[in-house]
Amino acid sequence: MAEKKHNPDYYYLNQLSTEQLEELLRVDSVSGKEKNDDLILYILEVIEKREQTSPTGRLPDVGKAWAEFKEYYAIPEGDGLSLYPTKREEEIFLNAREKDDFEVQRKPWRFMRHTFIAAAVIALIILSTVPAFGYSSIFQLIGEWTAEQFGFADAPRDTHHNSETEPPGGKNYTSLQDALIQYGIAEAVVTQSIPDGFQLEEIWVQEYAGTGNIEFSAPYAKGDDYIIITVIRHNGQTNSIYEKDEKELAHYMAGNIEHYIFHNNNNVTAAWSVNSLECSISTTLPVDELEKMIDSIYEE
Amino acid sequence: MKKKSFLAIVLVIICSFSMVLPAFATSYVPFASDQISSYSISATAASGGKIAIDFSVTGAGKMSVIGAKSIAIYEKIGSRWEFAKSFSQGDSGMTKANAYIYGNTIYYNGVSGREYRVDVTVFAQDSTGASDSRSKSFAVTAI
Amino acid sequence: MQAEQEAFLEELYRNYLTKLTIYASSALEDRSRAQDLVQDVFHEAIIHIDTLMAHENPGAWLMQTAKNKIHEYHRAYTRYIQTFISLDSFTCAGIGSAEDSIMKIDESMNASPIKRIEQILSPEEFSLLKRLIFEKASHLEVAKELGITVWTSQKRLERIRKKLLEIFPEHKNKNNFKK
């Protein structure tokens with residue numbers, strides 16, 4: 001089957017769970033016969049791909065179904081009969097045209113049907129992203145995630161940043177805090193409390209010419225355990241993607257800042273945003289140790 | 001009409017909450033990664049026809065090799081796309097050994113005004129030899 | 001069907017079964033019923049195979065057929081049966097006990113609708129009605145259980161429907177249920 005080009009406007013649907021996508025399909029089936037095949041096909045493909053990767057029993061066994069079809073349905077006794085009759089077979093050929101799969105001649109959506117589905121999607125996204133303790137506006141929300149990945153949406157520019165600041169000439173940093181200070185970063189974003197036994201492996205600073213971002217990182221290690229602290233100074237646009245598993249993302253408030261805590265198999269990461277800084281701590285330690293490290297950032 | 005449309009949308013959103021509230025749960029198994037903790041990739045036009053390809057990968061621990069696995073650049077000549085240049089993990093500036101994190105900017109000398117497609121794959125390989133990768137593609141017009 | 005037609009149908013089947021099943025399962029909220037319906041879609045395709053082979057977009061035809069069947073199912077099938085039997089107690093969980101619902105339906109009658117239906121239908125017919133409507137079994141499941149074909153199951157349901165219309169003639173026009 002040829003792969004259909006998809007409207008990028010539908011990509012937000014990837015944020016929804018399979019149950020939520022199924023609910024949209026159910027809405028489509030009961031709300032009339034208006035054509036929105038592009039959207040439906042996109043949803044079907046998302047569900048199908050998810051099931052092919054991680055089956056939950058939603059997909060039929062095609063070979064078995066075909067055998068059953070030949071044995072039970074496509075038999076002479078059924079000639080001219082229908083298990084679920086409709087009266088509109090003759091209308092189908094008038095409606096189905098176009099060359100792509102499921103793509104039929106587009107008809108304008110009815111306003112309420114379009115609004116209904118769009119509103120359902122908006123509601124689902126709102127429910128998926130607004131934290132338990134609420135924001136005054138969803139536009140204040142800056143973290144976006146699915147069950148697979150986490151990332152920050154566009155964050156506000158740091159209006160106080162002096163774009164004419166010269167980068168430091170020396171590359172020797174005594175600590176992560178030292179490196180940040182040398183680049184003129186004064187925000188409290190570095191943990192003051194690293195658990196006993198962890199050794200600092202390096203202070204890594206990289207300037208990216210394309211985006212203008214500067215990345216600072218300090219990994220610590222103790223045996224098989226590690227802690228990696230990363231701070232990225234960006235110009236209002238960040239494109240970091242954090243891997244995460246199916247465990248639910250948690251919110252942790254400290255220093256009046258919301259920290260997102262999520263798991264990636266054996267690791268846990270806290271990510272947060274402060275002005276034009278995107279910060280994270282990834283570790284193999286338990287969540288309570290991570291929270292202690294976060295708390296220490298804001299201790300005076 | 002705008003007020004009516006807005007009211008209709010608000011009413012339907014309110015109704016939608018009652019419809020969707022019980023059905024809020026993820027059910028599919030996501031990907032995650034045992035080698036990659038986070039990554040970022042971008043390709044932007046720089047002056048003089050250059051394309052700047054930034055990449056960064058943070059490993060899920062210390063990795064035996066970490067960085068960019070490949071960068072492939074295609075240019076549009078007329079109506080056709082043609083292969084222009086590729087970088088592989090063995091090229092200078094693409095990877096680092098025995099590291100937790102690595103990133104860099106790789107430049108490609110393009111032609112001003114020409115369209116390019118840039119496919120970037122980053123990866124991390126741990127001490128057992130297991131590796132994972134992530135890819136992104138970009139459309140860039142050189143300036 | 002001729003060999004060429006069967007080959008075409010099989011290709012169509014393998015290409016579209018999965019998506020149609022996902023859609024129908026979501027719409028009907030019942031997987032076995034959805035699979036039954038999707039099989040019926042492909043059975044319809046047999047009837048129109050010549051036209052489909054020449055069609056620009058057979059996939060769209062299949063999807064539209066599925067949607068039409070689902071739409072009719074929602075509108076006529078379930079609502080019709082619910083009207084006859086007021087299936088609140090059987091199909092809508094949490095709306096009270098079976099006895100309460102039956103008492104509310106029509107307390108002025110000598111017997112409840114369920115009782116009247118049980119009297120007019122044979123035990124086998126009542127069992128089939130219960131299985132297909134109350135328990136939402138698919139025709140395929142019933143066919144396998146009873147050792148009959150899906151078409152026999154469907155024909156028996158049609159006979160039951162006609163008998164019920166005799167019991168409740170006032171519902172003939174209410175549901176616009178045309179033969």
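Author: Two residues are said to be in contact if their C-beta atoms, placed from the backbone, lie within 7 Å. The structure is a predicted model, in which local features need a pLDDT of at least 70 and side-chain atom pairs count only at pLDDT 80 or more, whereas totals for chains, interfaces and linings use all residues. Residues are numbered from 1 along each chain as its sequence is written, while chains are lettered from A and ligands numbered from 1 in the order in which they are written.

The part to begin with is C:Lys163. Leaving aside its neighbours within four places in sequence, C:Lys163 is in contact with C:Ile120 and C:Leu121. The C-alpha atoms of C:Lys163 and C:Ile120 are 7.6 Å apart, although 43 residues separate the two in sequence. C:Lys163 belongs to helix H10 of chain C, residues 150-167, where helices (H or I, at least four residues) and strands (E, at least two) are DSSP runs, numbered from the N terminus. A residue counts as buried if 20 or more other C-beta atoms lie within 10 Å of its own, as exposed if 12 or fewer do, and as partly exposed in between, with C-beta atoms placed from the backbone. C:Lys163 has 15 other C-beta atoms within 10 Å, and is therefore partly exposed.

Helix H2(C), residues 31-47, has 17 residues, and because 13 of the 17 are buried, H2(C) is largely enclosed by the rest of the structure. From its first C-alpha to its last H2(C) reaches 25 Å, close to the 24 Å expected at 1.5 Å a residue, the expected span being 1.5 Å times one less than the number of residues.

In all, 47 residues of chain C are in contact with 44 residues of chain A. On the side of chain C that touches chain A, the elements giving two or more residues are H1 (3-28), H2, H4 (58-85), H9 (139-146) and H10 of chain C, and H4(C) gives the most, with 14 residues. That side has 17 nonpolar, 19 polar and 11 charged residues, where Ala, Val, Leu, Ile, Met, Phe, Trp, Tyr, Cys and Pro count as nonpolar, Asp, Glu, Lys and Arg as charged, and the others, Gly among them, as polar.

The predictor's confidence in each residue is given by pLDDT, from 0 to 100, and in chain A it is highest in strand S6(A), residues 225-233, at a mean of 97, and lowest in helix H4(A), residues 89-95, at 40. Eight of the nine residues of S6(A) are buried. Two strands pair if DSSP finds at least two bridges between them; nine bridges join S6(A) to strand S5(A), residues 214-222, and the two run antiparallel. A:Phe216 has A:Val231 in S6(A) as its bridge partner, and the hairpin formed by S5(A) and S6(A) has two residues between the strands, with A:Gly223 in the turn having a positive phi of about 65°. S6(A) is also joined by seven bridges to strand S11(A), residues 277-283, again antiparallel, and there A:Ile232 stands opposite A:Glu278.

Last comes the interior. A nonpolar core is a set of buried Ala, Val, Leu, Ile, Met, Phe, Trp, Tyr and Cys residues joined through C-beta atoms within 7 Å. The largest such core has 67 residues, and those touching the most other members are A:Ala270, B:Ile51, B:Ile53, B:Val57, B:Val118, B:Val120 and B:Val122. Strand S2(B), residues 50-77, gives the most to this core, with 12 residues. Apart from it lies another core, of 55 residues, which includes C:Val38, C:Ala60, C:Leu157 and C:Leu164.

Chain B has one helix and six strands, and 39% of its 143 residues are buried. Its mean pLDDT is 82, with 78% of its residues reaching 70 or more. Over residues 9-30 of chain B, however, the pLDDT is below 50, although this stretch has 43 contacts in the model beyond near neighbours in sequence.
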